[in-house]
Amino acid sequence: MNFQQSYLYWLAGVVLLLVAVMSWRDKANPRRLTTGLFWGVYGLLFLVGNWTYSLVGDKRTVHIAVGVAVVLMALIAGFGGVKLGRYHQRTREQREESASRLGNRLFYPALAIPVVTVIGVLMFNHIPGLQDALFGPGNHSTLVTLFSMTAGTLIGLGMAIKMTRENVHQPIQEARRLLDSIGWAFILPQILATLGLLFTAAGVGGGISYLTQQYLAVDSRFVAVVVYTLGMALLTMVMGNAFAAFPIVTAGIGIPILVLQHGGNPAVMAAIGMFSGYCGTLMTPMAANFNIVPAALLELPDKNAVIKAQVPTGALLLLVNVFLMYFLMFL
């Protein structure tokens, strides 16, 4: 049987279900039932696939069920249903002794992930027949990367367990602790990616183009550039993802106005436009992976501390991007 991308989703789903069971059994968690339900529902969503369509016989029913599950998760998170519990951690003295004993070797498991990922991608791309043998015929560039990264993660996990002399089940406890610490923000990237697809399908780009041409002086190159760069930053702040904002703003402003109307260079527009979106990423809590998760993992007292530190940089870079695009795009 050929390896499929769905297997990686199933692995993630199994891990989340284990976390859910551990949460239900944790009597130290004041919201153990809702915490377990949150991660359990999320885990079940990773298990949904083509087999569900065959089982139910109606894709629409499956889609409605997934939508109900997402709403349920939102309600649990909104009412504070995800709380911290007890995670069977070592004492502070034991952790300090272990860190002192291992020294810089603590970084080896983390470094194993990118190293194995790069080696795996190179092997699949340069060893004839290897990719087809494991994945079957076709273009599997995304699957190659995901498979290599998963292999690197599992190797790094094995190294960490051996080095720290921990129990095999302790990594799941640590995964549960991190998930509970991050909470609802952990699922935000997936939700926002879906939102981007909905915006594109709903023709938001066309609406933006109409409003821009009707109510803004985009006959001026400078005004058009300002609208495009600011639009990229603002929509990224709303959606939390520059990749989701890019096709919408580019379809509405970039291509029809900057490229077709003013004759700008599309390569320059795309490069600086994405950079402008990244400026918005620095300034929004919606970019949870970059701004909320680090604050949670570092246990900072202010969950917006990362954003506050990045706002001056993001605003200054956005201003620079306006002038870079204006002077470089129309050479």
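Predicted model: local features only at pLDDT ≥ 70, side-chain atom pairs only at ≥ 80, totals over all residues.
**Salt bridges**

I found three salt bridges in the structure. K308 pairs with D302, and their closest N and O atoms sit 2.7 Å apart. D302 is partly exposed, at 28% relative accessibility.

Next I checked D26 and R176, whose side chains meet in a salt bridge at 3.1 Å, N to O. D26 is in the loop between α1 and α2 while R176 is in helix α9, so this pair ties together parts 150 residues apart in sequence. Both D26 and R176 are buried.

Then came R177 and E174, with 3.0 Å between the closest N and O atoms of their salt bridge. They are three residues apart in helix α9, which means about one helical turn separates them. E174 is partly exposed, at 23% relative accessibility.

**Helix α13**

T250 is among the buried residues of α13, along with V249 and I248. At the start of α13, a side-chain oxygen of N241 comes to within 2.8 Å of the backbone nitrogen of F243. After the helix comes G263, with a positive phi near 70°.

**Nonpolar patch**

Last, I looked at the surface. A nonpolar patch there has about 890 Å² of accessible area together, and its members include F222, L316 and V320. Helix α16 gives the most to it, seven residues. V320 is in α16 and is partly exposed, at 38%.

How values were computed: Residues numbered from 1 in each chain as written. Heavy atoms only, no water. Patch = residues over 30% accessible without salt bridge, like charges linked within 9 Å, V, L, I, M, F, W, Y side chains within 5 Å. Areas by Shrake-Rupley, 256 points an atom, 1.4 Å probe, with all protein chains shown as cover. Salt bridge = Lys/Arg side-chain N within 4 Å of Asp/Glu carboxyl O. Helix = DSSP H or I, 4+ residues; strand = E, 2+ residues; numbered from the N terminus. Buried < 20%, exposed > 50% of the residue type's maximum accessible area, 1.4 Å probe, protein only. Polar contact = N/O pair within 3.5 Å; in protein donor to acceptor, adjacent residues only side chain to side chain.
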